[in-house]
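User: I would like to go through this model term by term, asking each time what a label rests on. Please set every value against its cut-off before you conclude.

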Amino acid sequence: MHALDSSVATDPAAAEGGPEPAGVAVPRHVAIIMDGNGRWAEARGLPRTEGHRRGVEAVRRAVKAATESGVAYLTIYSFSSENWARPADEVSYLMGLLKLFIRRDLAELHRNGVRVRVMGERAGLAPDIKELLLEAEQRTAGNSGLTLVVAFNYGARQEIVAAMRRLAAQVAAGELAPGDIDGDAVAGALQTAGIPDPDLIIRTSGEQRLSNFLLWQAAYSEFVFLPVLWPDFDAASFSAALREYARRQRRFGGVSARTG
Ligand code: IPE
Ligand code: IPE
Ligand code: MG
């Protein structure tokens, strides 16, 4: 983990406040593991659900910050395949919150040119949720601003298994030779097809793990772990993560490449 307040700037000009070198700056795709709602609430003697409710406000701040920073894709991990293991009342609160968010915020997202994409398993979701997710995607499909990818009932291993099945079915049907399965074929069979890999993955709450998020896509992502609990996430948190990202040197297995 790189401490946020560390002064390990890799570029002397940036450290001195000089102009940033070309290519540095804004990640094209930021993915966020929004964590710490429960702890935020528990620290205040409130029910965990109150942390989730306040977390929605942090989502709004994140969308605004991403848009204003010039990020093209923002992926938010909202509900994992494993989150069904939580108490039933918490799960149903989270389902209700998703509905509320779409009903309340879709019009404004649309007005702001946001294109919504949803990934995750839809089969097990209630019909009204499926309908709302579809509406969010269809209504905003023609927008050209920020792409907001909502990972809901999402698990990366499940996503990879589904992709393998899809490719296997094509092989069985004689449409694809095993030798033709390459990285692009796998990427194209994932739900993120057409979306660039995340440059930066932020996780709040201090936990340092992926929790079944974007396992394939994160191969060369930069990670920033913020000590802030998700309901407290704001524009300053987002900027701190982007600044940390700009200090990183991405090499992709080579010898030297700048971020961006
Ligand atoms: C993140 O906050 C929200 C979801 C996973 C849905 P948590 O609910 O995981 O909060 P903590 O980790 O228990 O504090
Ligand atoms: C990951 O957080 C899932 C989401 C943020 C939606 P969790 O709180 O579920 O992860 P673990 O269980 O601590 O790894
Ligand atoms: Mg958690």
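User: What makes the approach of Ser-211 to ligand 2 a polar contact?

Analyst: A polar side-chain atom of Ser-211 lies 2.6 Å from an oxygen atom of ligand 2. A polar contact is a pair of N or O atoms within 3.5 Å (within protein, one must be able to donate a hydrogen and the other to accept it, and residues adjacent in sequence count only if both atoms are side-chain atoms), so the Ser-211 pair falls inside the cut-off. A polar side-chain atom of Arg-86 is 3.2 Å from an oxygen atom of ligand 2, and for an N or O atom in the side chain of Arg-203 the distance is 3.3 Å. Taken alone, ligand 2 exposes 390 Å², and the protein buries 78% of that; such areas come from the Shrake-Rupley method with a 1.4 Å probe, and for residues only the protein chains shown count as cover.

User: On what kind of model do these values rest?

Analyst: The model is predicted, so that local features need pLDDT of at least 70 and side-chain atom pairs count only at pLDDT 80 or more, while totals for chains, interfaces and linings use all residues. Residues are numbered from 1 along each chain as its sequence is written, chains are lettered from A and ligands numbered from 1 in the order in which they are written, and side-chain values use heavy atoms, with hydrogens and water left out.

User: Which residues surround ligand 2, and which element gives the largest share of its shell?

Analyst: A residue belongs to this shell if one of its heavy atoms lies within 4 Å of the molecule. Among the residues around ligand 2 are Ile-33, Tyr-77, Ser-80, Arg-209 and Ser-211. The largest share, four residues, comes from strand S2 (residues 73-80); strands (E, at least two residues) and helices (H or I, at least four) are DSSP runs numbered from the N terminus.

User: What holds for ligand 1, where Gly-38, Arg-39 and Arg-48 are concerned?

Analyst: An oxygen atom of ligand 1 is 2.9 Å from a polar backbone atom of Gly-38, and a backbone N or O atom of Arg-39 lies 2.7 Å from an oxygen atom of ligand 1. Arg-48 uses a polar side-chain atom, 3.0 Å from an oxygen atom of the ligand. Taken alone, ligand 1 exposes 380 Å², of which the protein buries 86%. Helix H2 (37-42) and helix H3 (48-69) are the elements that give two or more residues to the shell around ligand 1, and the largest share, three residues, comes from H2.

User: Why is Asn-153 called buried?

Analyst: Buried means under 20% relative accessible area, exposed over 50%, and partly exposed in between (1.4 Å probe, protein chains only). Asn-153 has a relative accessible area of 7% and therefore counts as buried. This residue is found in strand S4 (residues 147-154), and its side chain makes a polar contact of 2.8 Å with the side chain of Trp-84.

User: How do you know that Asp-199 is buried, and what does it touch?

Analyst: The relative accessibility of Asp-199 is 14%, so the residue counts as buried. Asp-199 lies in the loop between helix H7 (183-189) and strand S5 (200-203). Contact means heavy atoms within 4.5 Å, and, not counting residues up to four places away in sequence, Asp-199 touches residues including Pro-27, His-29, Tyr-245 and Arg-250. A polar contact of 2.9 Å joins the side chains of Asp-199 and Arg-250.
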